[in-house]
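Subject: Structure handover

Hello,

Here is the structure I promised to pass on. Please open it first, then read my notes below.

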Number of protein chains: 2
Amino acid sequence: MAALEKYLNSTEKGRSLFESEIRKIKTPVCKVFIRGGKITPVEFKAAGLTVNSKDAEKVKAKFPYLIEKNGNKILAGTAARARTKIKNKRVAVLFSGGPAAGGHNVVAGIYDMLGADNTLLGVKAGPKGLIKGDLFEIKAEDIKRIRNTGGFDYLGSDRTKIKTPEQFEAVKKTCRDNKLDALVVVGGDDSNTNAAFLAEYLAGNIKEDGSGVQVIGVPKTIDGDLQIGKNLPISFGFDTATKVYSEMVGNILQDTPSSRKYWHFIKLMGRAASHVALEVALQTKPAVALISEEIAEKNMSLNQIIENIAGVVIERSKQGKNYGVVVVPEGVIEFIPEMTRMLKELNQAVAEHEQELENKDLAEKRDILSETLDSDNMALFASLPEYIQEMMLFDRDAHGNLQVSQIPTERLLIDMVKKHVKKQSPDVKFATLNHFFGYEGRCGVPSLFDAAYTYNLGLAAGALALAGKTGYMASFTGLDQGGKILAIPLAALLNVEVRHGKDEMVIEKSLVELDSPAFKYFVKNRERWAEADLFNSPGPRQLWGPSAKQMPVTVALNQGYKTLEFKI
Amino acid sequence: MAALEKYLNSTEKGRSLFESEIRKIKTPVCKVFIRGGKITPVEFKAAGLTVNSKDAEKVKAKFPYLIEKNGNKILAGTAARARTKIKNKRVAVLFSGGPAAGGHNVVAGIYDMLGADNTLLGVKAGPKGLIKGDLFEIKAEDIKRIRNTGGFDYLGSDRTKIKTPEQFEAVKKTCRDNKLDALVVVGGDDSNTNAAFLAEYLAGNIKEDGSGVQVIGVPKTIDGDLQIGKNLPISFGFDTATKVYSEMVGNILQDTPSSRKYWHFIKLMGRAASHVALEVALQTKPAVALISEEIAEKNMSLNQIIENIAGVVIERSKQGKNYGVVVVPEGVIEFIPEMTRMLKELNQAVAEHEQELENKDLAEKRDILSETLDSDNMALFASLPEYIQEMMLFDRDAHGNLQVSQIPTERLLIDMVKKHVKKQSPDVKFATLNHFFGYEGRCGVPSLFDAAYTYNLGLAAGALALAGKTGYMASFTGLDQGGKILAIPLAALLNVEVRHGKDEMVIEKSLVELDSPAFKYFVKNRERWAEADLFNSPGPRQLWGPSAKQMPVTVALNQGYKTLEFKI
């Protein structure tokens, strides 16, 4: 075989030149973990900070052990060291939910913190694997292979929520079978809520000596909706995902004044919150970026949104710019108040008139509904493109519910803006293309920021395990000045929310706040960005090159850092 | 304003840290251009190589001047220098067609070669600007700003084909008004064909002394379908585009064993040829990659293609892998022989039965067509998903032609594979997602390869202008050992092809050859890639990091280089 072919074959199984080299990158470590040049466990002490549930009484009733033990006090990793060396601890780690860049470094961080005297087990395929008891021992050579790599493939993941008594019982059995002392759950808001329930459930009577199994959470999600002000700047994976999306959006922005032909409507993954859309907008400065939270707060109608976009299209056209980029957050539909009202009434009407509506075509269905729906709701429904009306009436899940996330928002906006522009200014050229960026950002190789952030979160989770703590989520703050390790009490984070018609205790999803520095900076500048081409094409920069050490713009702004460059 | 806000504002107008730093990168220069450490013009001499038209006689009749002057001989840039310094030449450059990374460096290369004694003009907005006479003088500060940046925005581009006598006349006027000595056309196969016609037309009687205006072509297109064996390894922009797509496809591949949930069908831009799909497949090693040229050559039916993909899906499912990636070239539909036959007959039938078909629904239309269409064609048509049948009958352009490029091939394949898998192995889980990558790869910042390649092509085009040559396309070969500058005679590249029902002289589009080393390497390995997860996630690597100096895999294989690393 020729030399080049040999080289090409040698890059299989994650051994490309790129993948081989990233493993060698040394991620910076928070000073508190280093003693004599080595990674060392730390003690956790009250940091003088608290988190406060809006439903403290209800939480206390449900979490007597955790509230009694941890209260609402945040802990900080301190320079004080444990007097005796901890040995023979058995800790397991699992990934829960969609992948995010840096998961493998969390595992590496825990492993390095536990050291040779303790054992780290991996749970295969997420919570499902925990229920089934599918665990294996993690070895040094695995850690060498996965360090700094993207994906969750080393352990796998799934979305099972542990909620039935049988499931809790099965987890207990897994803990006993594997003689676990601690379990680290790497996941988003729901998974960390689940971790709180597990921590309470596993608090005692698990091991032979009557003690419990510790549960520690690690904040993961590319959506960025798990953040707690100054106490948790961001969830991991957000930085890599937004850098990947910004590279692509930047490339497309660069294309617009080159081919001078298209308006690109780009939907970005990120579930309900608009953190991803805001971050990408700040990094790339497109002509328009919708922020769902602003739409809800200002009670904007769909028509107003359309008018705003059409206004920018028409204004730019006067300058000879028949092109631009509109950034659309995935969840925007559910943040338009009139839309939510209409969908609610529509769902009721469809349920009530099920038989009547059967086997009717769209026009007939519309006639039937017009007798039931409130006139505003009916007008809104009828203003939508017909294929959207059809989706809303025909594409329902097994429970008859509309799959809102299935609605192609970017196409809906294109079609309605097109209609508006045509009416308003028939001569304006408005050719469009649409994109959805999501999956390509979840499993990129972690950026230098995410690589460092996750490795330190892993060290923190490992240190919490060694310190005997349970019911805490690891956090890493002060990223502009060396970093600070925190542990946030999970139970105190819980609030009561109505989900699926029932009261549930959950960690509140963090949304974009309209008084946050990041949103205010966006508002201050967006009109300039709409008018002139001031966009950025930030390029690829995960790991090498001049801008590799930058953190997310929203994080730097909202944390009040003076620089984009992280210093750990 | 806070320090961070100031910094964020300062990155507008292409001045992000990334964009500021890339301007400083020194691209390597072919030795032949360097004398005494400075960029110096070269002489061109016969290289001992030829290109041969299949229709030499017809070409000679149409291009008497070029064939007489240049024949079919390729020239090479040599170390011999011109004895007198060339001064006061006025050269114009234009971009034609879709953008590709590196266009700005072509301009920089021409500018640097012309030096201070000559003038470079930019044509705004492509051939249209040439016709309108929209030119401006390019200044040193512009070159500083655009060096190594992505996009065609500095000049703009368009797709006008110069073909009417009035258009040629207008171009002549522009040349005279601007006192041009030479014109550089940066474009794909069609634009270089156009350059040949312009070179012949402008050969004499333009300037006051009776002399003509030189025309020089530069090979651009991300599709990679402008390449001429050992004499032109690749068109520029291909490397950057395939690196961007490979990063995204690699990220998605990394996602598949992490979430273990989806088959991703990824369509890649690239027009008719499958060069882009093959290159991305070689860089990322997905479970399946379709190569249109193979389908045509082997006369594969749509059903065979579906069966093959379904076979891989079912086989992987047996290993517990209900996930994978299928790479689909943009133009595949038109390479399935039975599909082409069916569409041809369908087009005739629709034209003949126009009135009968009017206002009928799909089932009725199918009945009418079934009496006209050949039974094989009818069976194929009826086997397609109904929304595709509808598109084929309803979505036609102003001339009643089907817009084949509008057919969502990736969805068609998903739906048909789904049906097949369900019939064959009803228990196999087959959840799918589809993507189209295209625009995000045309305007990325040029990779180190494209930055170097285009700068040297620009130097070559500038040198050809100074050497008084016309009717040549610049080329750069021998990329594994310092590089060699060639000039390929444009007229000798032309062949007669039937386009839109008429004989036209064109540069043949280069397709993937089934006996090329790159395709053979793909065939040798694809079964292993289908079976096991041997994929690569090559990551971002345009400019920095360990793999920044790699060139396209197909180029390295097909040129017989021993290494992926370019050495210029």
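**The hairpin and its surroundings**

In chain B, strand β15 (residues 472–477) pairs with β16(B) in the antiparallel sense over six bridges. Two strands count as paired if DSSP finds at least two bridges between them. Helices (H or I, at least four residues) and strands (E, at least two) are DSSP runs, numbered from the N terminus. Six residues lie between β15(B) and β16(B), and Gly478(B) in the turn has a positive phi of about 60°.

This is a predicted model: local features need pLDDT of at least 70, side-chain atom pairs count only at pLDDT 80 or more, and totals for chains, interfaces and linings use all residues. Residues are numbered from 1 along each chain as its sequence is written, while chains are lettered from A and ligands numbered from 1 in the order in which they are written.

Back to β16(B). Strand β4 (residues 73–78) of chain B also joins β16(B), by two bridges, and runs antiparallel to it. There, Ala76(B) has Leu486(B) as its bridge partner. Is β16(B) mostly covered or mostly open? Strand β16 (residues 484–489) of chain B is mostly covered, with five of its six residues buried. Buried means that 20 or more other C-beta atoms lie within 10 Å of the residue's own; exposed means 12 or fewer, and partly exposed is in between, with C-beta atoms placed from the backbone.

**A parallel sheet**

Chain B also has an open sheet of four strands, in the order β12-β13-β11-β14, with parallel pairing. Its edge strands are β12 (288–289) and β14 (432–437), each pairing on one side only. Strands β11 (residues 263–268) and β13 (residues 324–329) of chain B pair in the parallel sense over six bridges. Trp263(B) stands opposite Gly324(B) in β13(B).

**One helix in chain A**

Helix α19 (residues 409–424) of chain A has 16 residues, so at 1.5 Å a residue it should span 22 Å. The expected span is 1.5 Å times one less than the number of residues. The end C-alpha atoms of α19(A) are 22 Å apart, which agrees. Its buried residues include Leu412(A), Leu413(A), Ile414(A) and Met416(A). Among the elements that cover the buried residues of α19(A) are β11 (263–268), α13 (302–318) and β14 (432–437) of chain A.

**Chain A overall**

Chain A has 23 helices and 18 strands. Its C-alpha trace spans about 80 × 60 × 55 Å along the principal axes. Of its 568 residues, 55% count as buried.

**How the two chains meet**

How many residues of chain B are in contact with chain A? In chain B, 61 residues are in contact with 61 residues of chain A. Contact means that the C-beta atoms of two residues, placed from the backbone, lie within 7 Å. On the side of chain B that touches chain A, α10(B) gives the largest share, 10 residues. By class, that side of chain B has 28 nonpolar, 19 polar and 14 charged residues. Ala, Val, Leu, Ile, Met, Phe, Trp, Tyr, Cys and Pro count as nonpolar, Asp, Glu, Lys and Arg as charged, and the others, Gly among them, as polar.

Chain B can be laid on chain A with an RMSD of 0.0 Å, by a turn of 180° and a shift of 0.0 Å along the axis. The two copies are thus related as by a two-fold rotation axis. Copies are superposed by least squares on the C-alpha atoms of residues with pLDDT of at least 70 in both.

Best wishes
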